[in-house]
Amino acid sequence: MFLGIDIGTSSSKGVLVAADGTVVATAVREHRTATPRPGWFEHSAQDVWWADFTSIVAELARPDVAAVGLSGIGPCVLPCAQDGTPLRPAILYGVDTRATAEIAAQTSRYGASAILERCGSPLTSQAVGPKLEWLRVHEPEVWARTRRIFMAHSWLAYRLTGAYVLDHHAASQCTPLYDTRAHEWITDWDLFPELELPALAWSGDVVGTVTEAAAATTGLPAGIPVVAGTIDAWAEALSVGVSSPGDVMLMYGTTMFLVEVLASRAVSPRLWGTAGVSPGTYNLAAGMATSGAVTGWLRDLTGASFESLTAEAAAVGRGAEGLLMLPYFAGERTPLFDPDARGTLIGLTLRHGRGHLYRAALEATAFGVLHNLEAMRSAGGSAKRLVAVGGGTKGGLWTQIVSDVLQQAQVLPAHTVGAAFGDAMLAAQACGVSCAGWNPVASVVEPDPAAAEDYARLYGLYRDLYDSTSHIAHELASR
């Protein structure tokens, strides 16, 4: 048996998988994300990451577990003492926007073009470097004791094995600390010399074995291998077979996330360019700040179920009877990198109801996906094969709208367990087990050619709407 565990933003998931790919058992633990101030998102490593991990292991672990794979949210920053003791809650990934001033300062110091060429990505709220600088400036008492930094999966691996290791992919999101051309930490920029940066490994590499102490605490068998793991979206991409150049994963979740596999390195100031999960591969990644978050907001606002809203939205038809939305309810990440962008609805009349609003939200997300795929193609991607995953794929309407807007098919895999399934794959492969056939295609969403003209026109309006109203959104965001 192979155990995979993923630490997510609002829940953690575990899966126990047999050597033939059969899912034997799963477990989920919900948790809260702390937001102590606007724009701050944090997790307690002990009370969230470790508590979820040990609880899931207690439910799933068996004597025949042969290896453990890990993944988690990222890139995030957990500052720790030399012995790995957390010194404050972890600062989460791009949703945490506290380091705006530090982004500007580091960009000025090292140069935007130099950072992009060397690191693969511009400095944004997703980057680790500015958050470390924020700690140094705003919490000097914490910084003075900080010697090591972890992400969720690397801290769990440390607790299990004692190895201080980070995978190359996660390291490549530690901009501007990692050189994606050389696959090594940058030393000549004199970044945070007081820190001991972790050793580097590929995601499927075994970084150590479960210690006797960790076995006694968790119930895992002592001596079994633990792989380096990676950031959750990349583990999920692996879980659904997104591994060949031109493959793209579309993750329908609280946010929409896209990962494309490349055969050679590509960079764009509008996207994230990263090292891949496997040696010799690279990625372009894109992420919208909201998607399911907006549909959830509408559900809570109206008091209707997702099933009712979906049925009403399906009855409305393309264009939501003249209603258009910008889905920037939490700013926008790629390809705008505009934290002050704001959600917009235009075309409202008294005839519009909740079904129209819901349809407009689904279409807005689809337009955002198209915007990102255009940026990826401009940067050198091809997006030849799209694989859809996540809770938003259920029900059918959302994926159909996206395929209609893109005029491109989407593959839906048989298993949508998520990143934890990819973790189990990494664990199995580390033990020499082939994962071919673990996750076959279940269905394909084909685009409706009749929708092409309508959605091409609406997409043009969508793009114009941001350009025409962004100055108003920025003024409102400053208040």
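How many bridges join strand β17 to strand β19, and in which direction do the two run? In this predicted model, six bridges join β17 (residues 256–262) to β19 (residues 282–287), and the two strands run antiparallel. Val 259 stands opposite Ala 285 in β19. Strands of a sheet pair through backbone hydrogen bonds, either parallel or antiparallel.

Both strands belong to an open sheet of seven strands with mixed pairing, in the order β18-β19-β17-β16-β22-β23-β24. The edges are β18 (272–275) and β24 (441–445); each has a single partner strand, so one side of each is left without a neighbour in the sheet. On average, neighbouring strands of this sheet are turned by 25 degrees against each other, direction ignored.

| Helix | Strands touched or crossed | Angle to β16 |
|---|---|---|
| α9 (residues 232–239) | β16, β17, β18, β19, β22 | about 120 degrees |

Another helix, α12, covers residues 354–379. At 1.5 Å a residue, its 26 residues should span 38 Å, and its end C-alpha atoms are 38 Å apart, which agrees. Helix α12 is mostly covered, with 22 of its 26 residues buried. Gly 380 follows α12 and has a positive phi, near 120 degrees.

For residues 1–237, UniProt lists "domain: Carbohydrate kinase FGGY N-terminal" in an unreviewed entry. Over residues 1–237 the chain is 32% helix and 24% strand, and the end C-alpha atoms are 21 Å apart.

Technical notes: Residues are numbered from 1 along each chain as its sequence is written. This is a predicted model: local features need pLDDT of at least 70, side-chain atom pairs count only at pLDDT 80 or more; totals for chains, interfaces and linings use all residues. Side-chain values use heavy atoms; hydrogens and water are left out. Two strands pair if DSSP finds at least two bridges between them. Helices (H or I, at least four residues) and strands (E, at least two) are DSSP runs, numbered from the N terminus. Axes are lines fitted to C-alpha atoms, for helices over the stretch in contact, and angles run from 0 to 180 degrees between N-to-C directions. Contact means heavy atoms within 4.5 Å. UniProt positions are given in the numbering used here, feature names are shortened, and annotations may be inferred rather than shown by experiment. The expected span of a helix is 1.5 Å times one less than its number of residues. Buried means under 20% relative accessible area, exposed over 50%, partly exposed in between (1.4 Å probe, protein chains only).
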